[in-house]
Amino acid sequence: DNATVFPIEPTKNLILLLRETPKIHIERWIQKLQPSHIIADGSNYKNHIVLWKHIADKLGIPFYDTATRGAYSITN
């Protein structure tokens, strides 16, 4: 989050994928990217997933945890 600086513009129907417990300020990234969904895979620490889900719920963004719900299917 602090080490890498690159321009990102919000994109329609963007899905934010969180893996390997990234060291990010999730609320800042949500505000910047405005994702339509957030997906956390099984490689993340469980306590981070709980926190991320709480934040996503608070901001009204659908959150999906593959560790508890299984694979996430993306279809057009």
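Modeller: Buried means under 20% relative accessible area, exposed over 50%, and partly exposed in between, using a 1.4 Å probe and protein chains only. Helices (H or I, at least four residues) and strands (E, at least two) are DSSP runs, numbered from the N terminus. This is a predicted model, where local features need pLDDT of at least 70, side-chain atom pairs count only at pLDDT 80 or more, and totals for chains, interfaces and linings use all residues. Residues are numbered from 1 along each chain as its sequence is written, and side-chain values use heavy atoms, with hydrogens and water left out.

Now the strand. In a regular strand, side chains alternate between the two faces of the sheet. Strand E1 covers residues 15-18. Its Leu16 and Leu18 point to one face and are buried.

E1 runs parallel to E2, joined by 4 bridges. Two strands pair if DSSP finds at least two bridges between them. Ile15 sits opposite His37 of E2. Between E1 and E2 the chain passes through helix H1 (residues 26-33), in a right-handed β-α-β crossover. Right-handed means that, with the strands pointing away from the viewer, the path from the first strand over the helix to the second runs clockwise.

Next, Asp41. This residue lies in the loop between strand E2 (37-40) and helix H2 (46-59). Asp41 is buried, at 18% relative accessible area. Its contacts (heavy atoms within 4.5 Å) include Leu18 and Arg19, not counting residues up to four places away in sequence.
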